[in-house]
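Thanks for coming. I will go through one structure today, starting with the layout of a chain and ending with its salt bridges.

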Amino acid sequence: MDGVAPTVQQANKDLLRFLTCGSVDDGKSTLIGRLLHDSKQIFDDQLSELTRESTRRGATGDEVDLSLLVDGLEAEREQGITIDVAYRFFSTPKRSFIVADTPGHEQYTRNMATGASKADLAILLIDARKGVLLQTQRHSLICSLLGLRHVVIAVNKIDLVSYQANVFERIVVEYRAFASELGFSSIMAIPVSARDGDNVTRRSDHTPWYRGPTLLDYLETVDSDSETNEEPFRFPVQWVNRSTPDFRGYAGTVVSGHIKAGDPVTVAASGQSSRVKELLTYEGPQPSAETGDAITITLADEIDIARGDLLVGPILGPEVSDQFAAHIIWMSNQALIPGRSYLARIGTKTTPITVTGIKYKIDVNTREHLATHTLGLNDIAFCNLATAAPVAFDPYEQNRKTGSFILIDRLSNHTVGAGMIAFGLRRGTNLHRQATLIGKAERAAQKHQKPAIVWLTGLSGAGKSTIANIAERQLHAAGHHTMLLDGDNVRLGLNRDLGFTEADRVENIRRAGEVAKLLADSGLIVLCCFISPYAADREMLRRLVPDGEFIEVFVDTPIDECARRDPKGLYAKAKAGKIKNFTGFDAPYEAPANPEIHLHTTGQQAEQLAERLTAKLAELGIIR
Amino acid sequence: MDISVLQTQGTQRGLPKHLRGLEAESIEIMREVIAEFKKPVMLYSIGKDSSVMLHLAIKAFHPAKLPLPLLHVDTTWKFREMIAFRDETARRLGIDLLVHTNQDGVARGIGPVASGSSVHTQVMKTEALKQALDLHGFDAAFGGARRDEEKSRAKERIFSFRSQGHVWDPRNQRPELWNLFNTRIRPGETIRVFPLSNWTELDIWLYIMLENIPVVPLYFAKQRPVVRRNGAWIMVDDDRFPLEADERPESRLVRFRTLGCYPLTAAVESDAVTLEDIVSEMRSTRVSERQGRLIDSDEAASMEKKKREGYF
């Protein structure tokens with residue numbers, strides 16, 4: 001019985017989230033294993049399994065490989081490296097800890113950034129024999145960008161340099177010089193041996209020259225103050241609770257500041273205001289709520305609020321803009337292409353977003369700013385971005401919860417990037433969409449048809465233009481109002497500033513899509529012939545117009561057949577190496593997975609294919 | 001300090017800071033799923049973690065009724081007290097409870113005694129779970145797994161992506177930054193969601209104690225009929241349990257730290273008869289809770305292998 005009350009009190013102590021990072025083999029997993037082991041978090045059965053596995057993997061005598069405690073995946077234990085983030089928990093009488101053990105390999109940098117995104121402090125391991133490495137610098141930069149304030153330099157394997165003070169000091173001086181511009185509020189350096197435990201949880205007899213705290217002492221006492229009650233109130237609406245027809249509760253978590261019943265609140269994007277009627281939890285109405293509380297807010301007035309809205313207090317409001325500048329860490333093997341449409345998740349809002357320009361990429365070695373057109377895996381860059389609709393945010397430096405976002409690929413749904421907003425861009429603020437009195441529906445009704453974008457995609461020489469021309473003639477003869485946009489024609493005018501790199505192709509399709517959308521707005525059936533090789537871009541086109549108005553037509557001709565026809569002589573030139581980035585040769589073509597209309601052209605006449613196209617349009621209800 | 005004082009303070013306001021933070025995080029995760037998915041379900045395994053998860057869900061959606069069903073995958077080898085507790089819980093809370101059993105497995109006579117633990121787990125748990133998810137077309141499923149349970153679980157995301165066929169590929173999980181969860185999936189793909197990821201076993205028991213959450217009586221010490229096998233106490237729950245020639249069930253004061261299928265879950269000797277006793281015992285124990293799960297040590301890294309196949 002007497003054991004319980006202290007346990008409950010212990011649960012009242014505060015929590016420090018930290019990560020371990022640094023280069024491969026610097027001993028991150030071993031250090032965590034040591035912390036877990038020495039703070040008695042390892043149970044006897046886990047320890048005996050560890051001893052068995054250590055022996056099996058070649059450890060000698062009664063030595064145990066502590067890294068096996070955290071490298072939880074079979075592939076990790078086989079290769080002896082950390083691939084993914086592991087989260088471990090331990091506590092001492094003074095504090096609770098959540099540790100993210102992150103990989104050191106450059107190819108898994110994104111997993112390191114993941115661990116850093118939620119941490120208050122980073123332990124950066126440096127192998128005493130190797131000193132500050134490129135990966136040490138990369139991880140420091142990421143920690144700085146992700147807003148960590150405290151860094152501990154654990155100079156590990158100090159036993160392997162005979163516990164020499166001058167080796168330690170040389171590394172510390174070098175690191176401090178490197179990190180001086182990274183904006184950390186504290187840098188603590190500790191000489192340790194994770195394997196033997198020196199200065200991890202107990203003072204080492206081998207380093208009498210070191211007078212600072214042990215690592216655990218430091219972790220127990222460092223200022224973990226992530227108290228954000230003083231910050232302005234921010235509440236992203238997560239879910240609208242409609243338990244009865246006349247109840248509307250806005251469920252979410254207070255991400256900063258605090259709120260009381262009766263306080264005024266404003267919906268950031270729309271500017272509509274009301275007062276807090278009740279702050280509901282399961283336990284009943286609460287007088288107030290603080291940062292971190294999950295609550296349900298009811299308001300005095302009925303105003304329009306949905307998931308994705310940000311409720312804020314009356315002072316120190318967030319920025320609201322559809323354009324902003326942000327640091328981006330790119331996490332995908334597929335390059336980031338400016339102009340391509342991605343989805344951004346900001347707070348509880350999901351919105352289409354494009355990178356409108358990459359201002360510069362950061363060289364991790366020198367922190368130089370480099371010009372670039374695209375970003376590859378693990379690149380870090382400063383970019384301008386534009387969202388489809390205005391969003392509310394704070395600079396990341398001021399608020400990690402309302403200043404962060406992730407980028408999602410619209411096709412694969414992978415998380416491909418992480419962003420930290422620096423500041424809003426004012427360019428968009430004086431532009432307002434003007435509502436027109438006559439809309440698309442009225443224009444189309446006058447023409448007795450449904451507007452649509454009929455988008456023909458396929459390889460060069462597949463027959464897109466030929467089929468579209470015949471189909472347009474048939475539609476025209478039947479009394480339909482049409483327009484035909486042809487890739488080559490558009491490139492000779494509107495898009496003559498664009499080439500054939502991936503980035504330029506994306507922009508080519510983006511502009512063509514916007515033109516097609518304007519034409520469809522005028523009530524027309526718009527036939528478009530573009531190679532449009534990237535599935536993501538065609539997906540972007542589909543989202544430009546309401547459901548059912550974008551008809552993807554895959555003109556499916558095998559490349560050998562296209563090359564045989566070669567109407568423009570381009571395949572011959574490509575074969576001769578006279579054209580670069582030619583689709584099907586040295587540039588990819590991503591065939592549509594589920595086109596509305598799939599035309600296999602082999603052995604077919606263009607007339608028949610055009611008839612099949614118009615018949616399908618009738619089937620889809622576009623024409624009668 | 002008097003325990004009864006702690007319990008009357010055991011409302012949200014009275015919870016220790018650390019538990020209050022964990023509770024809020026779990027609630028946020030649950031609301032995220034309701035807001036983003038078309039057809040979510042909550043896996044309910046009747047154990048202590050499921051009890052906490054259910055309690056948190058009721059809080060998360062209050063004052064609305066629980067907006068999703070519970071699903072229990074019944075291997076037909078659960079302790080009788082577990083099934084009684086399950087039905088009583090559903091009745092008491094007025095919850096939509098789905099129970100699924102792999103009938104094909106039953107027809108083939110699969111069971112832990114006849115087929116061995118590995119085949120039993122594969123057919124009656126993993127396959128059964130996949131059947132039930134497919135049958136109802138669930139696109140997100142809550143599970144009560146915690147990262148501190150096992151080392152491959154420590155690698156798990158909160159939103160764990162499963163490709164078609166419910167396959168978990170640890171190399172192809174989405175980076176999970178801040179609290180910005182990527183909930184987007186294509187048809188046929190699903191997400192397993194673990195709202196208790198950051199809770200430890202001790203957190204669970206403290207929370208159960210402070211919130212007065214009902215749990216299966218098997219967690220409390222009592223005289224029960226057991227036999228000693230491979231160094232573990234196995235409870236004789238019904239006559240399907242074949243005794244060896246020299247085995248005679250004896251009565252011992254035992255309790256369960258973890259609950260699974262009955263011949264696969266070992267009891268521990270204990271005199272913990274109250275929640276307070278359990279918390280005290282937790283603080284001094286030197287063995288992990290999964291020690292009682294005989295299925296985990298079948299083969300090296302077996303949890304990871306089971307998870308790849310679609311296990312929770």
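Domain bounds, as I use them here, come from an automatic or database domain assignment. For chain A that assignment gives domain 1 (8–221), domain 2 (234–312), domain 3 (319–424) and domain 4 (440–619). Between the C-alpha centres of domain 1 and domain 4 of chain A the distance is 55 Å.

A word on conventions. This is a predicted model, in which local features need pLDDT of at least 70 and side-chain atom pairs count only at pLDDT 80 or more, while totals for chains, interfaces and linings use all residues. Residues are numbered from 1 along each chain as its sequence is written, chains are lettered from A and ligands numbered from 1 in the order in which they are written, and side-chain values use heavy atoms, with hydrogens and water left out.

Staying with chain A, its C-alpha atoms fill a box of roughly 95 × 70 × 45 Å along the principal axes. Chain A has 16 helices and 27 strands; these are DSSP runs numbered from the N terminus, with helices being H or I of at least four residues and strands E of at least two. Of its 624 residues, 59% count as buried, and buried means under 20% relative accessible area, against over 50% for exposed and partly exposed in between (1.4 Å probe, protein chains only). Contact means heavy atoms within 4.5 Å. Among the contacts in chain A between residues at least 6 apart in sequence, 71% join residues at least 24 apart.

Next, the interface. On chain A, 91 residues are in contact with 72 residues of chain B. The two chains bury about 7,000 Å² between them, 55% of it on carbon and sulfur atoms; buried area is the accessible area (1.4 Å probe) that two parts lose on being put together, summed over both. Which three residues supply more of the area that chain A buries against chain B than any other three? They are A:Phe89, A:Trp239 and A:Tyr282, with 10% of that area.

The rule finds six salt bridges across this interface, where a salt bridge is a side-chain nitrogen of Lys or Arg within 4 Å of a carboxyl oxygen of Asp or Glu. A:Arg17 and B:Glu25 meet in a salt bridge at 3.6 Å, N to O.

Over all chains, the structure holds 53 salt bridges. In one of them, the side chains of A:Arg234 and A:Asp394 meet at 2.7 Å, N to O. A:Arg234 lies in strand β7 (residues 234–241) of chain A and A:Asp394 in the loop between β20 (380–393) and β21 (404–408), so this pair ties together parts 160 residues apart in sequence. Both A:Arg234 and A:Asp394 are buried.

In chain B, B:Asp49 and B:Arg146 form a salt bridge at 2.8 Å, N to O. Helix α3 (residues 48–61) holds B:Asp49, and the loop between β4 (140–142) and β5 (159–162) holds B:Arg146, so the pair ties together parts 97 residues apart in sequence. B:Asp49 is buried at a relative accessible area of 12%, and B:Arg146 is buried at 1%.

Last, B:Arg257 forms a salt bridge with B:Glu201, with the closest N and O atoms 2.9 Å apart. Here the loop between β9 (250–255) and β10 (266–269) of chain B is tied to helix α8 (residues 201–211), because B:Arg257 lies in that loop and B:Glu201 in that helix, 56 residues apart in sequence. B:Arg257 and B:Glu201 are both buried.
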